[in-house]
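Subject: Structure for you to look at

Hello,

Here is the structure I promised to pass on. Please open it alongside this note.

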Amino acid sequence: TFMLFSAGDNVGASPPNSGLLQDMPTIDVENAWGVDASTYGNHEFDYGLTRLLQQQAQATFPFLACNIVETATGKPPTWAKTSMVFLVDGIKVGVIGAALEDTPELVAAGNTAGLTFLPAVSSIQAESLRLARQGVRIQIVLMHEGSALGQNAIDGLAPIPWVGPGITIAEGLQDTTVDVIIGGHTHRVTNTMVGHILMVEALNSGISYSVLQLMVLGNDVVWAGGATRGSKILGVAPRADVQAIVDQANAETA
């Protein structure tokens with residue numbers, strides 16, 4: 001069974017045929033692809049909540065974040081789900097979102113007013129435990145954070161130890177039932193095991209993507225593997241529904 005996820009920055013810092021149209025064409029394309037869920041990157045907050053909520057209303061998939069709360073109440077805002085449980089071939093798969101902690105420092109003052117971005121580790125720990133108590137032991141984290149340095153041994157090249165904020169978060173989740181972290185933000189190809197957790201990250205702007213395979217036994221993951229794939233267009237027939245969205249956006253911004 002195939003599922004499609006995003007680790008944030010779906011919108012913002014985008015080309016004119018998306019950016020000049022409030023990035024709605026991008027949301028439309030993701031809808032056409034059948035994205036199952038996303039978390040929030042810092043760019044989701046580039047224009048404040050009004051535009052973000054318009055984009056969310058356009059999206060047919062949920063945006064997830066367990067570490068965004070209203071400063072006044074300490075509770076998640078009504079527009080952000082902490083996690084979502086999908087029923088896949090009769091098996092419960094929990095997907096937890098975690099937004100970038102540093103988001104308020106990366107967007108214009110006021111864009112995150114009234115919101116607090118909590119530490120990812122403690123927030124994910126709590127959400128993971130909540131899901132586990134419901135019997136959801138297959139857990140995927142969508143997190144807009146990644147590695148800063150690291151490389152696997154390839155073609156005789158010595159490995160470079162994996163480090164960075166995303167790796168540190170993964171290290172802090174070893175006592176949870178989290179199986180996989182799909183990361184982002186640092187724009188580094190990442191594919192490594194951090195203890196028992198697989199962590200992957202792809203390049204920005206759709207240059208690459210990660211393909212994961214989870215082997216499940218008894219409603220739990222017994223093995224997880226990831227591969228990094230380059231996005232190719234040569235020899236690939238464009239999808240008519242996606243091409244129509246692109247053509248319309250080009251016409252509107254011509």
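Below is what I found, from the overall fold down to single residues.

Overall

Keep in mind that this is a predicted model. The chain has 7 helices and 15 strands. Its radius of gyration is 18 Å, close to the 18 Å that the globule rule gives for 254 residues, so the chain is as compact as a globular protein of that length. The C-alpha trace spans about 50 × 50 × 40 Å along its principal axes. Of the 254 residues, 44% count as buried. The exposed surface comes to about 12,600 Å², and carbon and sulfur atoms supply 57% of that. Take the contacts with a separation of 6 or more: 63% of them are between residues 24 or more positions apart.

The aromatic cluster

I searched the whole structure for aromatic pairs and got 7. Start with Y40 and F63. Their ring centres are 5.4 Å apart and their planes stand at 35 degrees, so this pair is tilted. Its two members come from distant parts of the chain, 23 residues apart. Y40 is in the loop between strand 2 (37-39) and helix 3 (48-58), while F63 is in strand 3 (residues 63-64). Both residues are buried.

Y40 also pairs with W79. Here the centres are 5.8 Å apart and the planes are at 80 degrees, so the pair is edge-to-face. W79 sits in the loop between strand 4 (68-70) and strand 5 (83-88), so the pair with Y40 ties together parts that are 39 residues apart in sequence. How buried are the two partners? Y40 has a relative accessible area of 0%. W79 comes to 17% and still counts as buried, since the cut-off is under 20%.

Ring pairs link Y40, F45, F61, F63, W79 and F117. Two of these residues turn up again around T112. That residue lies in the loop between helix 4 (103-106) and strand 7 (115-117). Beyond its neighbours within four places in sequence, T112 is in contact with F45, T103, P104, V107 and F117.

There is also a charge over a ring. The charged end of R51 sits over the ring of Y47, 3.8 Å from its centre.

Strand 2 pairs with strand 3 in the parallel sense over 2 bridges. T39 stands opposite L64 in strand 3.

Now look at strand 6 (residues 91-98). Which strands does strand 6 pair with, and in what sense? Strand 5 joins strand 6 through 6 bridges, and the two run antiparallel. V85 has G94 in strand 6 as its bridge partner. Strand 8 (residues 138-143) pairs with strand 6 in the parallel sense, also over 6 bridges. There V93 has I138 in strand 8 as its bridge partner. Strand 6 is mostly covered, with 6 of its 8 residues buried.

Positive phi

D89 takes a positive phi near 50 degrees, in the hairpin of strand 5 and strand 6, which has 2 residues between the strands.

D155 has a positive phi of about 50 degrees although it is not a glycine. It is found in the loop between strand 9 (149-151) and strand 10 (160-163). D155 is exposed, with a relative accessible area of 79%.

N219 is not a glycine either, yet its phi is positive at about 65 degrees. It lies in the loop between strand 14 (208-217) and strand 15 (220-230). With 46% relative accessibility, N219 counts as partly exposed.

Over to you.

Best wishes

How values were computed: Residues are numbered from 1 along each chain as its sequence is written. This is a predicted model: local features need pLDDT of at least 70, side-chain atom pairs count only at pLDDT 80 or more; totals for chains, interfaces and linings use all residues. Side-chain values use heavy atoms; hydrogens and water are left out. Rings of Phe, Tyr and Trp (its six-membered ring) pair if their centres lie within 6.5 Å; planes under 30 degrees apart count as stacked, over 60 as edge-to-face and the rest as tilted. Helices (H or I, at least four residues) and strands (E, at least two) are DSSP runs, numbered from the N terminus. Buried means under 20% relative accessible area, exposed over 50%, partly exposed in between (1.4 Å probe, protein chains only). A charge sits over a ring if NZ of Lys or CZ of Arg is within 6 Å of the ring centre and within 35 degrees of the ring normal. Two strands pair if DSSP finds at least two bridges between them. The radius of gyration is taken over C-alpha atoms; the globule rule is 2.2 Å times the number of residues to the power 0.38. Contact means heavy atoms within 4.5 Å. Accessible areas come from the Shrake-Rupley method with a 1.4 Å probe; for residues, only the protein chains shown count as cover.
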